[in-house]
Amino acid sequence: MLVFVCTSETPLGHDTDHLEGKVVSGRTLEYNKIEKVESGMFRGLTNLQKLYLNGNNISSIEQGSFESLYRLQLLSLHRNSISHFSKEIFQGLQSLKELYLYRNNISSIEQGSFEDLSRLKILYLKNNTIEKIDHRIFHNLTSLEILTFEHNKIEKVERRTFQSLTNLQKLYLNGNNISSIEQGSFQGLYRLQQLSLHINNISHIEKGIFQDLPILKKL
C-alpha cells in the first residue's frame with residue numbers, strides 16, 4: 001500500500017499521472033493553498049480509500065472531480081471556503097462512508113446532493129451557515145449513523161425532516177437558533193440513541209415530540 005503525502009512544498013495540479021496504476025490507499029493534501037478542485041485531478045487513483053483536502057482555501061469543486069474514486073471511503077473537506085456545491089459533485093462515490101464538510105461557509109444544500117452515497121455512515125455539517133434543513137437532501141442515506149448540524153443558523157425543525165434516516169444513531173442540532181420543533185420532527189428515527197438540542201432558543205416543547213424515539217438514551 002502506498003500513502004501519498006503532499007505538503008505545502010509539493011507542486012499541485014494534475015500531479016497524479018506518475019501514480020496511475022499504483023495501489024494508493026490514502027492521499028493527504030491538508031493545509032496547502034488549494035483554491036479549486038478540478039475535474040480529473042485524481043484521475044487514475046481508482047484504489048484510493050482516503051482523501052484529505054481539509055485546511056485549504058477551496059471555494060470551488062468542479063463536476064467530475066471525484067468520479068473515478070469509486071473505492072473512496074473517507075473524504076475530508078473541512079476548514080475550507082465552500083459555500084455551495086452542485087448535486088453532481090459526489091456522484092460515483094458509492095463506497096464513501098465518511099464525509100467531513102464542517103467549518104465551511106455552506107448556507108444551503110441542493111436536493112439530491114448526497115443521493116449516490118448510500119453507504120455513508122458519518123456526515124459532518126457543523127459550523128456552517130445553514131438556515132434550513134430540507135428533508136429531500138437525505139434521500140438514499142439509509143446507512144447514515146451520525147449526523148452533525150451543530151453551530152449553524154437553523155431556526156426550525158420541521159415535520160418528517162429526518163424520516164428517511166432509519167439507521168441514524170446520533171443527531172447533533174445544538175448551538176443553533178432553533179425555537180420551534182414541529183410534531184413529528186423525529187419521525188422515522190427508530191434507532192436514534194443520542195439527540196443534542198442544547199444552546200438553542202427553545203422555550204416550549206409539546207407533548208409527544210419525542211414519541212418516535214423508542215431507544216433514545218441521551219437527550
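Which residues does Ser-95 touch, not counting residues up to four places away in sequence? They are Tyr-70, Arg-71, Leu-72, Gln-73 and Arg-119; contact here means heavy atoms within 4.5 Å. This is a predicted model, in which local features need pLDDT of at least 70, side-chain atom pairs count only at pLDDT 80 or more, and totals for chains, interfaces and linings use all residues. Residues are numbered from 1 along each chain as its sequence is written, and side-chain values use heavy atoms, with hydrogens and water left out.

Ser-95 sits in the loop between strand E6 (74-76) and strand E7 (98-100). Strands (E, at least two residues) are DSSP runs, numbered from the N terminus. With a relative accessible area of 14%, Ser-95 is buried. Buried means under 20% relative accessible area, exposed over 50%, and partly exposed in between (1.4 Å probe, protein chains only).

Leu-48 belongs to the loop between strand E3 (36-37) and strand E4 (50-52). Its relative accessibility is 0%, so Leu-48 is buried.

Now the core. The largest nonpolar core has 55 residues, and those with the most contacts inside it include Leu-53, Phe-66, Phe-162 and Phe-186. Such a core is a set of buried Ala, Val, Leu, Ile, Met, Phe, Trp, Tyr and Cys residues joined through side-chain atoms within 4.5 Å. It lies between domain 1 (24-106) and domain 2 (130-218), because both give residues to it. The domain bounds come from an automatic or database assignment.

Next, the rings. The structure holds 11 aromatic pairs. Rings of Phe, Tyr and Trp (its six-membered ring) pair if their centres lie within 6.5 Å; planes under 30 degrees apart count as stacked, over 60 as edge-to-face and the rest as tilted. Tyr-102 and Tyr-124 have ring centres 5.8 Å apart and planes at 50°, so this pair is tilted. Tyr-102 is in the loop between E7 and strand E8 (122-124), while Tyr-124 is in strand E8, 22 residues apart. Tyr-102 is buried at 16% relative accessibility; Tyr-124 is partly exposed at 23%.

Phe-138 and Phe-149 pair edge-to-face, with 6.3 Å centre to centre and 80° between the planes. Phe-138 is buried at 0% relative accessibility, and Phe-149 is buried at 1%.

Note on methods
Helix = DSSP H or I, 4+ residues; strand = E, 2+ residues; numbered from the N terminus.
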